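Biologist: I have the model open next to the sequence. Can we go through it residue by residue where that helps?

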Amino acid sequence: MSAASSHRRVAVIGYPVAHSRSPLIHNYWLKLYGIPGSYDRIEVAPAELAAFIGNFADQGLVGCNVTVPHKEQVARLVRIVDSETARLGSVNTLWMEQGELVATSTDGYGFLQNLRSAAPDFALERQTAMILGAGGAARPVIAALRSAGVEHIHLANRTAARATTLAAEFGEGIHPIGWDAIPALLETTGLLVNATSLGMEGGGPLFIDLSPLPSDAIVADVVYVPLETELLLQARARGLRCVDGLGMLLHQAVPGFERWFGRRPEVTPELRALLVRDLTR
Ligand code: NDP
């Protein structure tokens, strides 16, 4: 095979897509491992999505990532390879398999790997967690925590009905709670996760008094712009362990890179530093 023909082209699709840091991650790995390939951003408007997916192979792509607002729509257009992702109804990683475009979601994996690498001694089994948010990011986080053995998850969302519906979808062990019930339940929460867009640049502030949390609790945020959210700053000030959203972003990229380019990449301090520099530019 010639060098040119072994060049594998991958992209992230979204609308807009200019904000995506995925090219930074994958092109870093391509260079590091000396793999011939490229990873670009492709802006795909919602009206063009079905045609883009339908003609995927003709565009010389071997796979892609999917970001907002297309994760759910793409899930309806391709075959999902695993039942857990099929239940989520949201995908972020696509690849060609024997001429067919197939998909999975690696967001839950990314969340869990990040948590495990940031706090390797934290036993998730039989923990009680609290998740704030019931949108696109909350779903894979719930699924991942369930699969890791978390026994009880309290789910709070501004729009209470959305939390109730989501909890019912997941079934036993997921308890929808009102936003006003958060303070009283923090005392028994081992893991608090912000999966809302609150705390994000332009997303509005997230005000929660963390003082009732146990001293060995972990506070995780899926938001990574800014890297240090107010929630994490408050948790650090209390001496609690913190897990940021950048780690989730880095870890969710691992399975896709391995599929497309045949090498399992590593999430290293150097890669993280590269992203931190970009995020704090
Ligand atoms: P969605 O739009 O799907 O959900 C947004 C969530 O935030 C909903 O629960 C919504 O509540 C809540 N929310 C929004 N505004 C407010 C407000 N003013 N007050 C209270 N709650 C509010 O977004 P996503 O779930 O896709 O994304 C959420 C965050 O997660 C973003 O910052 C995104 O960048 C980040 N993310 C990070 C990833 C990573 O790899 N680290 C991966 C995916 C997402 P309601 O239902 O009431 O509207």
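Biologist: Let's start with Leu192: buried or exposed?

Modeller: Leu192 has a relative accessible area of 0%, so it is buried. Buried means under 20% relative accessible area, exposed over 50% and partly exposed in between, with a 1.4 Å probe and protein chains only. Before going on: this is a predicted model, where local features need pLDDT of at least 70, side-chain atom pairs count only at pLDDT 80 or more, and totals for chains, interfaces and linings use all residues. Residues are numbered from 1 along each chain as its sequence is written, and side-chain values use heavy atoms, with hydrogens and water left out.

Biologist: Fine. Which strand is Leu192 in?

Modeller: Leu192 sits in strand S10, residues 191–194. Helices (H or I, at least four residues) and strands (E, at least two) are DSSP runs, numbered from the N terminus.

Biologist: And what is Leu192 in contact with?

Modeller: Setting aside neighbours within four places in sequence, the partners of Leu192 include Met130, Leu132, Leu210, Ile218 and Leu231. Contact means heavy atoms within 4.5 Å. The C-alpha atoms of Leu192 and Met130 are separated by 4.9 Å, although the two residues are 62 apart along the chain.

Biologist: Where is Thr196, then?

Modeller: Thr196 is in the loop between S10 and strand S11 (218–221). With 14% relative accessibility, Thr196 counts as buried. Beyond neighbours within four places, Thr196 is in contact with Leu132, Gly133, Trp179, Val222 and Val223.

Biologist: Switching topic. How many disulfides are there?

Modeller: The count is zero, taking a disulfide as a pair of cysteine sulfur atoms within 2.5 Å.

Biologist: What about Cys64 and Cys242, buried or exposed?

Modeller: Cys64 is buried at 0% relative accessibility. Cys242 also counts as buried, at 15%.

Biologist: What contacts Asn92?

Modeller: Cys64 does, for one; others among the contacts of Asn92 outside four places in sequence are Asn65, Lys71, Thr104, Asp107 and Gln252. Asn92 lies in the loop between helix H4 (83–88) and strand S5 (93–97), and at 3% relative accessibility it counts as buried.

Biologist: And Thr67, where is that?

Modeller: Thr67 is in the loop between strand S3 (61–66) and helix H3 (71–77). Its relative accessibility is 16%, so Thr67 counts as buried. Leaving out neighbours within four places, Thr67 is in contact with Val12, Ile13, Gly14, Val17 and His19.

Biologist: Why is helix H6 described as largely enclosed?

Modeller: Because eight of the 10 residues of H6 (138–147) are buried. Among them are Arg139, Pro140, Ile142 and Leu145. Just after H6, Gly149 takes a positive phi of about 95°.

Biologist: Now the whole thing. How many helices and strands?

Modeller: The protein has 11 helices and 12 strands. Buried residues make up 51% of its 281 residues.

Biologist: What does the C-alpha trace span?

Modeller: About 60 × 40 × 35 Å along the principal axes.
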